[in-house]
Amino acid sequence: MLSELLQGIESGGFLIIRDSCRYSGRDLLKSFITAALNREEVIHILCFDVSEEELKDGLKPSDTQRLHIHNAYSDPLGWTGHPNFTVQQFSLEDLTNLVKQTSQPKPAVLVIDSLSWILRHKTPPAVCQTLQQLRKGGAVRAVIGLLHTDMHQRGTVGSVCHLATSLISVAPGVKGKEAVARVTKRSKSGKVMQDEEIFCIAEDFTVTILSKPSHAEHKTNSTEEEQTDPTANLTFNLRLSDSELEAKQKLTLPFVFSKEKKTALLHPGPGSGRILYEPDANDDYDQEDPDDDLDV
Amino acid sequence: MFTELNSILNTSPDSFTRGEFILVSDRQSDASFLIHHFLSFYLRARCKVCFLGLAQSFCHYSAVSQRLAKEKGQLVFFEGLKECLSVLTPKENNVESEAMNFLRDPPVGLRSLYEFVRSSVIVSDNMEEGAEQWGPSVLLVDDLSVLLSLGVDVGAVLDFSHYCRALVCSQVQGNMVMLVRCNGEEDDDDDDDDDGDVGSDVLLKGLTHQCNLHLHVQGLPTGYCKDIHGQMEVCWKRRQGDAPHMQKNLFQYKVYDKGASFFARGTSSAVL
């Protein structure tokens, strides 16, 4: 599923890459940017977290025609007096103007690095509203955002991720260069698909899917443990000699009935005791008239 | 300066990576010995150092070299404790510096402190004749958690560190070292903790996302030991040009009077 997402995001799609301190999702973000550039798409990047140079590092220089990086790193709050792009400009009108400035025929893909920066300065409802308007607006074809999940409360992360059509949560893998991606994809029909894959990113930001994490590996591979002998290593003898074993097997237990014994008890044959009953006069007890025997 | 740490980090005063943000953090331990290391390292590398000393006074760091450096103008020392007094008890003749004005009004944020850093780091063009040319500017902060306990919001501290990084690391291509201290136990998803610890944890996480190199100092998980004072985890984030992955190493250390020694786990001189 990760490779399908890399091949293209549908129109109106919103992809969120969720990372944490333990593994940075920026490399995967750059892989998405590289893949989109290879597909000849126009990309606008809102760069808050890292400098422009660091973001461009590793991307092929020939693609910069279609790549527009908006520097919101040097002065996102307007402290210097002549900011390039501030966090307050994250609204539908400003972003639409920003994207339309480049006057490209195709609607662009908007990449936000990172959503966490914006969420620290604007309220989550405002951010969600802007993102939703961007998706439906038409100026932007699709939105890709990077979100640092450990910097916000779970409710905030949950609200923003609820808007997304695809979610990728990245975590470090077992071996050095590998990482684990949990992909959730929500299609327009409402179907939700989830998958977990191990991947690694090469220097040119191509992603290689290695394998699914095999859960069988987590179970013990060892063969069944040998039955431990409880009668070993004791100070007393719990073992049986052969004759004792024979006698034990011959022994019939008092209340364990074999079939023959059951039928013998239930159907008594001749020669067994019989019970003869002759009712006495006094024994004639009429239930309906208990005083019947009174001589009145 | 600790030579063993230099070899672990693969740097020396003559050659070090520029534009780096080094985060030093500790949890229930004291990592300020690393700040002493970096101070003497960058002074020896002939860099212009701007030191925000918020936790201790200048005497704490002063060795002969530091005092000389201050006189020659290589070291700009911002003594937070003294500046606090001038804000809290203003006297008539005192020209109070704007840098600590967040003490009176915490929501204002750390913009004035940033302006102070900016004025120290940007080398003025019109220098006097005979003034020495120093190397790239370096910002050292000891420590950021003090700002949290002074009432500054975590978001404001993260903004401050972001702006310092944009100025020092990207614009001026110097280096930045910041110390952050955490108190509580490392929790996974607990929202029930008291607010103080959660603030410093969020600050640490935010700074970890921003930094290039992270040195995390902790006590030994097995408890107190006379010969080993703790463990230090060194985490290199992706450097430019290298293959994209994160590298982590764990060392143990012992602090002496005039230095510290670092060794791999289990190779302490007391053991071998």
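**One residue and the interface around it**

Modeller: Leaving aside its neighbours within four places in sequence, B:His162 is in contact (heavy atoms within 4.5 Å) with A:Phe48, A:Asp49, A:Tyr73, A:Pro76, A:Trp117 and B:Gln210. This is a predicted model, in which local features need pLDDT of at least 70 and side-chain atom pairs count only at pLDDT 80 or more, while totals for chains, interfaces and linings use all residues. Residues are numbered from 1 along each chain as its sequence is written, chains are lettered from A in the order in which they are written, and side-chain values use heavy atoms, with hydrogens and water left out.

B:His162 lies in helix α8 of chain B, residues 154–171, helices being DSSP runs of H or I with at least four residues. With a relative accessible area of 1%, B:His162 is buried, that is, under 20% with a 1.4 Å probe and protein chains only.

Turning to the interface as a whole, chain B brings 28 residues to the contact and chain A brings 32 residues. The area buried between them, which is the accessible area (1.4 Å probe) lost on being put together, summed over both, is about 2,700 Å², and carbon and sulfur atoms give 54% of it. Two salt bridges are counted between the chains, each a side-chain nitrogen of Lys or Arg within 4 Å of a carboxyl oxygen of Asp or Glu; the side chains of A:Arg120 and B:Asp159 meet in a salt bridge at 3.2 Å, N to O. On the side of chain B that touches chain A, α6 (111–121), α8 and α9 (195–210) each supply at least two residues, and the largest share, eight residues, comes from α8(B).

Terms used
Buried means under 20% relative accessible area, exposed over 50%, partly exposed in between (1.4 Å probe, protein chains only). Buried area is the accessible area (1.4 Å probe) that two parts lose on being put together, summed over both.
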